[in-house]
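Subject: Structure handover, with notes on salt bridges

Dear colleague,

I am passing on the structure below, together with some notes on its charged side chains. Please read them alongside the sequence and the coordinates.

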Amino acid sequence: MGVGADDLDAWSIFATDLLGLQAVRPNADLLHLRMDGRVYRIAVERGRPGALHYLGLEVASPRELAELASALRARGIEVTEESTELCAMRHVSSMISVLDPCGNRLEFFVGHDEATAPFVSPTGATFVTGDMGLGHAVLLVDDAKAFLDFYVDLLGFRLSDILTPVPGIDAYFLHCNPRHHTIAAAAMPGMTPSLQHIMLQVDSIDTVGRAYDKAQRDGIRMGMSLGKHTNDHMISFYCHAPSGLEIEYGCNGRRIDEATWVVGHYTSGSMWGHHRPSVPA
Ligand code: FE2
């Protein structure tokens with residue numbers, strides 16, 4: 001994925017020292033963050049702070065990418081075959097792009113480069129990626145039906161469950177691999193579409209706990225305290241990256257077994273914790 005920021009140096013320090021990501025700086029306007037063997041998973045680009053520049057979705061083969069392009073075009077979606085120059089910048093072998101109903105840019109690609117240098121986390125973190133990608137992204141959308149028509153009916157994401165924290169707001173959690181959700185959306189008419197948060201998963205509660213301590217010690221702006229989610233069972237906390245992007249950092253998320261999964265409904269997002277910081281009156 002690619003996100004915007006105005007202070008890439010601050011982002012780099014936050015990403016490495018707190019999150020345990022490995023920073024690579026291809027140029028002054030671009031920060032690549034590694035989580036595993038891939039050349040990068042998150043690109044922080046100079047731009048509007050917190051803006052979603054693109055979500056990258058990996059397709060299994062060139063043939064399936066071509067079939068996806070045909071299926072999208074058949075439904076009247078404008079599909080762009082991206083240039084070799086942009087593919088080289090993204091470190092992929094081929095790529096198409098579309099805009100979702102909210103105008104979010106989605107890049108479907110095949111062949112994401114593996115780095116030759118090993119991934120080394122500055123904090124000793126091990127990220128849970130592999131067959132589940134970098135984590136998840138939660139969007140704010142103004143039209144639930146348009147979101148579900150596009151992501152479920154057209155792209156083939158499957159509904160994991162629905163959360164109704166308060167009457168009138170529904171959040172839809174979608175999966176495309178064993179991760180409980182890769183993309184989710186909180187829908188409310190009149191909402192300004194945006195990226196609400198992203199989630200990175202590590203393999204140890206100790207890594208989460210140490211990051212939580214450090215965030216509080218360093219006065220990082222918190223989004224929500226340590227807690228456990230009802231639906232994906234993630235034990236996590238939320239904090240704000242420089243430039244405003246909210247990041248959920250967690251562990252122990254459960255995997256979906258497609259053969260037995262039953263769509264659930266929740267009225268609370270958390271079993272415990274996940275309290276928002278009290279705002280002074
Ligand atoms: Fe999340």
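Asp131 and Arg255 form a salt bridge (a side-chain nitrogen of Lys or Arg within 4 Å of a carboxyl oxygen of Asp or Glu), with 2.9 Å between their closest N and O atoms. This pair links distant parts of the chain, since Asp131 sits in the loop between strand S8 (105-112) and strand S9 (136-141), while Arg255 belongs to the loop between strand S16 (246-251) and strand S17 (264-266), 124 residues apart. Strands, like helices, are DSSP runs numbered from the N terminus, a strand (E) having at least two residues and a helix (H or I) at least four. Asp131 counts as partly exposed at 47% relative accessibility, and Arg255 is also partly exposed, at 47%; here buried means under 20% relative accessible area, exposed over 50%, and partly exposed in between, computed with a 1.4 Å probe on protein chains only.

Please bear in mind that this is a predicted model, in which local features need pLDDT of at least 70 and side-chain atom pairs count only at pLDDT 80 or more, whereas totals for chains, interfaces and linings use all residues. Residues are numbered from 1 along each chain as its sequence is written, and side-chain values use heavy atoms, with hydrogens and water left out.

The structure holds 15 salt bridges, and another of them joins the side chains of Arg41 and Asp36, at 2.7 Å from N to O. Arg41 lies in the loop between strand S3 (30-34) and strand S4 (42-46). Both partners are buried, Arg41 because its relative accessible area is 11% and Asp36 because its relative accessibility is 13%. Once neighbours within four places in sequence are set aside, the residues in contact with Arg41 (heavy atoms within 4.5 Å) are Met1, Leu33, Met35, Asp36, Thr129, Gly130, Gly133 and Leu134.

A further salt bridge connects Arg73 with Glu81, whose closest N and O atoms are 3.3 Å apart. Arg73 is partly exposed, with a relative accessible area of 40%, whereas Glu81 counts as exposed at 52% relative accessibility.

Finally, salt bridges also link Glu45, Glu82, Arg90, Arg105 and Glu107 in a network.
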